[in-house]
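Hello,

Here is the structure for you to look through. My notes follow below it.

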Amino acid sequence: MDMKLEFLYSQNNEKEKLLNIYDEYQWFIDNDFPIVLPKFYAEIYQKNKNNKKLFTKDLNIELNKIYNKNDYQLKSGRVKNNWQKIEKEFFNILNSFNLKIKDKYICHISLYGPDGQFKYPNVINLRIKNNKDIKNANGTIAHELIHLLIYNKVKKLKLNYQQTEGMVDLFFTETKLKTIFLKYKLQSIGVHNKKLFQKIHKK
């Protein structure tokens, strides 16, 4: 069966991800945001706080020492197998709403960063550092894909971060997705407005 979601990983991707975090690192720390980073990260950040070029050089050296392709291969395989079991049903349920679903989506596998991120129009990032991440991967993938699917509607309705997260949550509790994701937990940060939700998935 041809899957809509393609799982990719590479040392270059991992480097890019860790470089992107450089600009937001202080924000993550200040806001106590749950993020996973290599042990060396804080040290080389402090050392090169005002010099991204030197930071990049140090990052390359340190990442070279620890990058293990086999680790990514094994974890990626587990995540792909789990997602494959529910992908068809997931998209079938979402097809019943007025959402533009693409033929292909890319999922970049990483050991670092937040548990999930999305980049419009068709890219998501997934962290699979440990067994808990892998166990929660289907929910994280689904969550980020819904972000992509409602992206334009969110912009049109001018929703803020809390409202947007609330809308994504409601797909898991107010639609048939609840039959797949029985243990999905609503985010405390989300504003769960059911009237607004009607607007999101109707037009």
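**Charges and overall build**

The chain carries 37 positive and 21 negative charges, and their mean positions are 6 Å apart. Lys and Arg count as positive, Asp and Glu as negative; His and the chain ends are not counted. Each charge is placed at NZ of Lys, CZ of Arg, CG of Asp or CD of Glu.

Some ground rules. This is a predicted model: local features need pLDDT of at least 70, side-chain atom pairs count only at pLDDT 80 or more, and totals for chains, interfaces and linings use all residues. Residues are numbered from 1 along each chain as its sequence is written, and side-chain values use heavy atoms, with hydrogens and water left out.

The chain has nine helices and four strands. Both are DSSP runs numbered from the N terminus: helices are H or I with at least four residues, strands are E with at least two. From the N terminus, the order is β-α-α-α-α-β-β-β-α-α-α-α-α. The radius of gyration is 18 Å, close to the 17 Å from the globule rule for 203 residues, so the chain is as compact as a globular protein of that length. That radius is taken over C-alpha atoms, and the rule is 2.2 Å times the number of residues to the power 0.38.

Of the 203 residues, 45% count as buried. Buried means under 20% relative accessible area, exposed over 50%, and partly exposed in between (1.4 Å probe, protein chains only).

**Salt bridges**

Side chains of opposite charge can pair when their charged atoms come close. The structure holds six salt bridges. Each is a side-chain nitrogen of Lys or Arg within 4 Å of a carboxyl oxygen of Asp or Glu.

- Lysine 52 pairs with aspartate 23 at 3.0 Å, N to O. Lysine 52 is in helix α3 (residues 52–66) and aspartate 23 in helix α1, so the pair ties together parts 29 residues apart in sequence. Lysine 52 is partly exposed at 33%, while aspartate 23 is exposed at 56%.
- Lysine 47 pairs with aspartate 58, with the closest N and O atoms 3.0 Å apart. This pair links helix α2 to helix α3, 11 residues apart. Lysine 47 is exposed at 60%, but aspartate 58 is buried at 15%.
- Aspartate 71 pairs with lysine 75 at 3.4 Å, N to O. Both lie in helix α4 (residues 69–95), four residues apart, about one turn of the helix.

**A charge without a partner**

Which side chain of opposite charge is nearest to glutamate 144? It is lysine 17, 9.6 Å away. Glutamate 144 is buried yet has no salt bridge. Its place is helix α6 (residues 137–149). Beyond its neighbours within four places in sequence, glutamate 144 is in contact (heavy atoms within 4.5 Å) with Gly116, Gln117, Phe118 and Ile124.

**Backbone points to check**

Most residues other than glycine have a negative phi, and most peptide bonds are trans. Look at these exceptions.

- A cis peptide bond joins tyrosine 120 and proline 121, with omega about 10°. Proline 121 is in the loop between β3 (116–119) and β4 (123–127).
- Aspartate 32 has a positive phi, near 50°. Aspartate 32 sits in the loop between α1 (11–30) and α2 (41–47), and is exposed at 69%.
- Lysine 158 has a positive phi, near 55°. Lysine 158 sits in the loop between α7 and α8 (161–174), and is exposed at 72%.

Best wishes
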